[in-house]
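The sequence and structure are shown first.

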Amino acid sequence: MKKFSAIVIAAGRGKRMRSKTAKVLHPVAGRPLLWYMVSLAGRVADARVVVVIGHQAERVRAFLEQSKAEFEPLDIVLQPDQLGTGHAVQQARTVLMPNGKAASRHCLILNADTPLLGRATVKRLLARHEKEKAALTILSTDATDPRGYGRVVRDGKGHVVKVVEEPDAGRAERAIREVNVGTYVVETSFLFKALARLRARNVQGEYYLTDIVGLAVAEGRRVAGMKTADASECIGVNTREHLACVEQVMRQRIRTRWLRAGVTMLDPRTTLIDDAVTIGADTVLYPGVTLEGRTKIGAGCVIRSHSRVSNSVVGKSVTIEDSSVVDSAVVEDQATIGPFAHLRPGSRLRKQSKVGNFVELKNTELGAGSKANHLTYLGDTSVGKQVNVGAGTITCNYDGYRKERTMIEDEAFIGSGAQLIAPVRVGKGAVVGAGSTITQDVPADALALSRSPQVTREEWAAKRRADFLEKTPPAPKSTPFSRGRKKGSKEPPSPLAGEGRVRGK
Ligand code: UD1
Ligand code: CA
């Protein structure tokens, strides 16, 4: 018989979060709370993992389905009404007691809202449970602020006798600092027998899972308690304050992980790395960098301050200068981005390509060694190798109805300030003259120009200046601040010299 099944109870609404989103879907370091617990359950249990869902069941189920590949096989069961934690666990009966026979010797029960709980701690709890041959083993910790938690009540000999929920606790019980973490190991056959006997006779009118502790003691079954010293692991997220606290601890853990793996951070406190992110050694992260979602950063990259990389794959030795955003993009080795660049979804920078200041790319590939260095928008565009895209180039990819593609072939040269009206193709090695509006395909090696011929009038500017000065007498001698300023006027002087005087005449 297998030893340990796991039950994650995630059906609660999380009223205290004051949110439209179910509590267990609130993210911590980029993953929903529930992810951490389901992942932990899968790593410690050798038998089935059951997740009990209820509030916003469809959304929670969708998340579990979509993350299926990351988890051990799961059973999802529904708690139709949220009648308490004991009632939630009861819903797993059909899966864990098929035909009235236990599917595994013991069950690990996890609240879904303690994402910092470590695998090592849970492993120790399972070992303790086996060693003590207990019917029930409960994890506790001494909290500096026990408010909101169930208190663990022990007898004179130090044996656990019951857990009292705060609303039901008397003054003396409230003073107890040892709290129930919401992690239990229970002999499966005892568990479901005890759950059937729960009554909702308490202040909250709920079926408390915690009441099985008292039931075990009353039956003379062995109850073990394991106290963990690390209270930060045990935070149960009930409010946004708890969520913020858990976020801080999780972020710190993730930073430590990458610092140990050879990543440099100039100011770790302001460096935010989501849990699913991976980073190569010798990458340097400047203050205020955010790495989100499923981002992968290669080795030897430099990411400067206030840049954000989301759900992107970045190769080796890539430089991302300050204040750039890279979203759902692929960046190959030795490419350079920014400062102030925006790579939108579907962008791909090939090796050693370069995207400079105030350049935006969307659904665009920039070929190896190609450059778009200044003030440019490239949307729905394929740019070949060794292309130079001049400053201020714009691909006009949208006609108000449809998006169209622009193709720029290898070694083409797009002069500054060009507009390429899609769909359009610039052939290999072709040159587009600066300031051109290109509406037709340009053959390979051709020059395309579309600007009106220049008009030059000798002395025109000098004449205009003389004309103007003739009509405007010279300024009286005065300080720059008194010039043209009416008495009592609060307005600063106009920068157009003479204007005030003309009016004052
Ligand atoms: C619970 C414990 C408390 C412990 C604390 C640790 C009980 C009665 N109390 O209190 O002793 O100190 O956790 O954080 O168990 N849930 C359901 N269905 C329900 C109700 C809750 O699935 O009907 C789930 C929630 O989604 C959550 C977990 O059970 O993941 C705990 O529920 P919550 O309401 O947060 O319990 P606490 O009041 O924190
Ligand atoms: Ca809780």
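## Positive phi values

Leu 375 is exposed, its relative accessible area being 54%, and in this predicted model the residue lies in strand 29, which spans residues 371-379. The phi of Leu 375 is near 50 degrees, a positive value in a residue other than glycine.

Asn 311 likewise is not a glycine and has a positive phi, of about 45 degrees. Asn 311 is placed in the loop between strand 19 (308-310) and strand 20 (313-314), and with a relative accessibility of 42% it counts as partly exposed. Such values deserve a second look because most residues other than glycine have a negative phi.

## Cis peptide bonds

The peptide bond that runs from Gly 338 to Pro 339 is cis, with omega near 5 degrees, and Pro 339 sits in the loop between strand 24 (336-337) and strand 25 (342-343).

Ala 422 and Pro 423 are also joined by a cis peptide bond, for which omega is about 0 degrees; Pro 423 is found in the loop between strand 35 (419-421) and strand 36 (424-426).

## Calcium site

The calcium ion (ligand 2) is coordinated by Asp 113, through OD, and by Asn 238, through OD1, at 2.3 to 2.4 Å. The pair links distant parts of the chain, 125 residues apart: Asp 113 belongs to the loop between strand 6 (104-111) and helix 5 (119-132), while Asn 238 belongs to the loop between strand 11 (223-228) and helix 9 (240-260).

Asp 113 is buried, with a relative accessible area of 10%, and Asn 238 is buried as well, with a value of 11%.

Notes:
Residues numbered from 1 in each chain as written. Chains lettered and ligands numbered in written order. Predicted model: local features only at pLDDT ≥ 70, side-chain atom pairs only at ≥ 80, totals over all residues. Heavy atoms only, no water. Donors = N, O, S within 2.8 Å, 3.2 Å for Na, K, Ca; no water. Helix = DSSP H or I, 4+ residues; strand = E, 2+ residues; numbered from the N terminus. Buried < 20%, exposed > 50% of the residue type's maximum accessible area, 1.4 Å probe, protein only.
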